[in-house]
Amino acid sequence: MDFDYAALGLKAGIEIHQQLNTREKLFCHCPTVLRDVTEHNGEFYRYLRATVSEMGEMDRAAREEMMVMRPFTYYAYDTTCLAENDEEPPTPMNPEALDLVLTFARMMGMTPVEQVHIMRKMVIDGSNTSGFQRTALVALNGSLPMGARIESICLEEEAAQRVEDTIFSLDRLGIPLAEITTAPDMHTPEAVKDVASYIGMLLRSTMKVKRGIGTIRQDVNISIRDGARVEIKGVQELRLIEEVVRREVQRQVSLLSIRDELLARHASVDEASHDVTALFKKTGSAILKRAKAIHAICLRGFAGMVGREIQPGRRLGSEMSDYAKKCGVGGLFHTDELPAYGVTEAEVASLREAVNAGPDDCVIIVADTKQKVVCAIGLIRKRAEMAMAGVPEETRKMLEEGSSAYMRPLPGAARMYPETDVLPVTVTAEYYSSLVLPELLSDKADRFVRDMGLDAALAHQMVYSKRCVLFEETVRRGVRPTLAATTL
Ligand SMILES: [Zn+2]
């Protein structure tokens, strides 16, 4: 599906996270090497709780994360230390990493801050052992040749790698990470890809960034007129970034059209929910039969809307199901897709009768323990009310092929507070202007074409190759460039 993006008022920005190939981690002296999980030589577990900010507020994303408290398990290695475990204070900020981020900043014409202050960003999804991620603003206000503005560049510590649902590996925790945030200056999916690809090239030009899948990740911020700002996290492959933007536009357009239809139908969401456990005592559905409690809620005027596709493989019902899962339930059933899954037509009829649903209404049921079901019905009610308002502001995660699922609300300002264990670092103007800038890979490729007679495709391949240094050395020693490049 393609849209008239200008007419829709598409605005997109990106946040690029690039792992740095420094010798040591950002706040300890451990090496920045990734390990195989089978090599771990210790493990421990933690509970993470949200804290209230200095302003007395609790971040809404953190509060939602705390709804289900569960222990997180961490794998430690002979290449990790007590700093990763949060059992020992951090060392001063790694100067090699700061140098590199300042170099990126200068390559984009940015203004450095006078003092780099380390902050703690509350993150309690288990991806760190301390309940926060350290991050420091390094420079502001840059621009790219294609016109997109760069808002900021930060130096932060990489999160622990998730091994399974609640198991994390500490080898990755603390690897320095550059975070580059653009202004929402892109207005087509192609422009998003072009900017992401240019920044990737610029970072690679320093030859000091990690390579391979997962070492560079993009978060994309997308909104359309009357829609809402949505952040989609974890786009690892550049080829999917355009598709992510296209599908998010499709999702927002679909949600707005659902909203209009709900308003036209004078739709409403019932305050009350109903215990319908008894109706399914003899059901053929294994999930429902097993459940201790089954509750139902009636969405008046929602018939056909809950089952409507909003992007490939996703329906409004999938969005409601994502919210419900926050309470620990497996998902939900709704009458737009029933009878199915072992639920009979007679059971659907008695369900409709129990909640007094008419043909224009949709009934949603959730099955699990009573506590989880009550929690889930509450969030489904909340998400259904949001559907009548349009597109909610959300943080989402990318699914395969570019659709996305709800993760949590967009974080608020209550999320950041100062790190008191690490001293700030001063950046002088003299130091900043003395940083040596590398030749851009795009300039280098042009040079290979101009001075060495390589064809453009081969030159491009060569500058992105690990063997580029070897190639230049070989040519310097007198080997014909095209022969050297094709051989390597
Ligand atoms: Zn360490």
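Cys-468 is partly exposed, because 19 other C-beta atoms lie within 10 Å. On this scale a residue is buried with 20 or more other C-beta atoms within 10 Å of its own, exposed with 12 or fewer, and partly exposed in between; C-beta atoms are placed from the backbone. The model is predicted: local features need pLDDT of at least 70, side-chain atom pairs count only at pLDDT 80 or more, and totals for chains, interfaces and linings use all residues. Residues are numbered from 1 along each chain as its sequence is written.

Cys-468 is found in helix α13 (residues 468–476). Helices (H or I, at least four residues) and strands (E, at least two) are DSSP runs, numbered from the N terminus. Leaving aside neighbours within four places in sequence, Cys-468 is in contact with Met-462 and Val-463. Contact here requires C-beta atoms, placed from the backbone, within 7 Å of each other. The C-alpha atoms of Cys-468 and Ala-485 are separated by 8.7 Å, with the two residues 17 apart along the chain.

The overall layout comes next. The protein has 14 helices and 24 strands. Its C-alpha atoms fill a box of roughly 85 × 50 × 45 Å, taken along the principal axes. Of the 488 residues, 41% are buried. Among contacts with a separation of 6 or more, 73% join residues 24 or more positions apart. The domain assignment gives domain 1 (11–229 + 412–418), domain 2 (262–390) and domain 3 (441–487). Such bounds come from an automatic or database domain assignment. The C-alpha centres of domain 2 and domain 3 lie 61 Å apart.

In soluble globular proteins, nonpolar side chains tend to be buried together. A nonpolar core is taken as a set of buried Ala, Val, Leu, Ile, Met, Phe, Trp, Tyr and Cys residues joined through C-beta atoms within 7 Å. The largest such core holds 53 residues. Val-101, Val-138, Ile-153, Val-192 and Val-220 touch the most other members. Helix α3 (residues 95–107) gives the most to this core, with 7 residues. A second, separate core has 50 residues, including Leu-262, Ile-310, Leu-332 and Ala-376. Beyond its neighbours within four places in sequence, Val-220 is in contact with Ala-12, Ile-14, Val-192, Ile-232, Val-235, Ile-241, Val-244 and Val-245.

Strand β21 (residues 394–398) pairs with two strands described here. Two strands count as paired if DSSP finds at least two bridges between them. Strand β13 (residues 230–235) and β21 are parallel, over 4 bridges. Val-230 has Glu-394 of β21 as its bridge partner. β21 and strand β22 (residues 404–409) are antiparallel, over 5 bridges. Here the bridge partner of Arg-396 is Tyr-406 in β22. β21 and β22 form a hairpin with 5 residues between them. Glu-401, in the turn, has a positive phi of about 70°. The side chains along β21 alternate.

An open sheet is formed by 4 strands in the order β2-β3-β10-β9, with mixed pairing. Its edge strands are β2 (42–46) and β9 (161–164), each of which pairs on one side only. Neighbouring strands of this sheet are turned by 30° against each other on average, direction ignored. The axes behind this value are lines fitted to C-alpha atoms, for helices over the stretch in contact, and angles run from 0 to 180 degrees between N-to-C directions. β9 and strand β10 (residues 167–169) pair in the antiparallel sense over 3 bridges. Arg-162 stands opposite Phe-168 in β10.

Most residues other than glycine have a negative phi, and most peptide bonds are trans. Asp-226 has a positive phi, near 70°. Asp-226 sits in the loop between β12 (216–223) and β13. With 13 C-beta neighbours inside 10 Å, Asp-226 counts as partly exposed. Asn-356 also has a positive phi, near 60°. The loop holding Asn-356 runs between α8 and β20 (362–368). Asn-356 is exposed, because 12 other C-beta atoms lie within 10 Å. The peptide bond from Leu-338 to Pro-339 is cis, with omega near 0°. Pro-339 lies in the loop between β19 (333–334) and α8 (345–354).

How values were computed: Contact = placed C-beta atoms within 7 Å.
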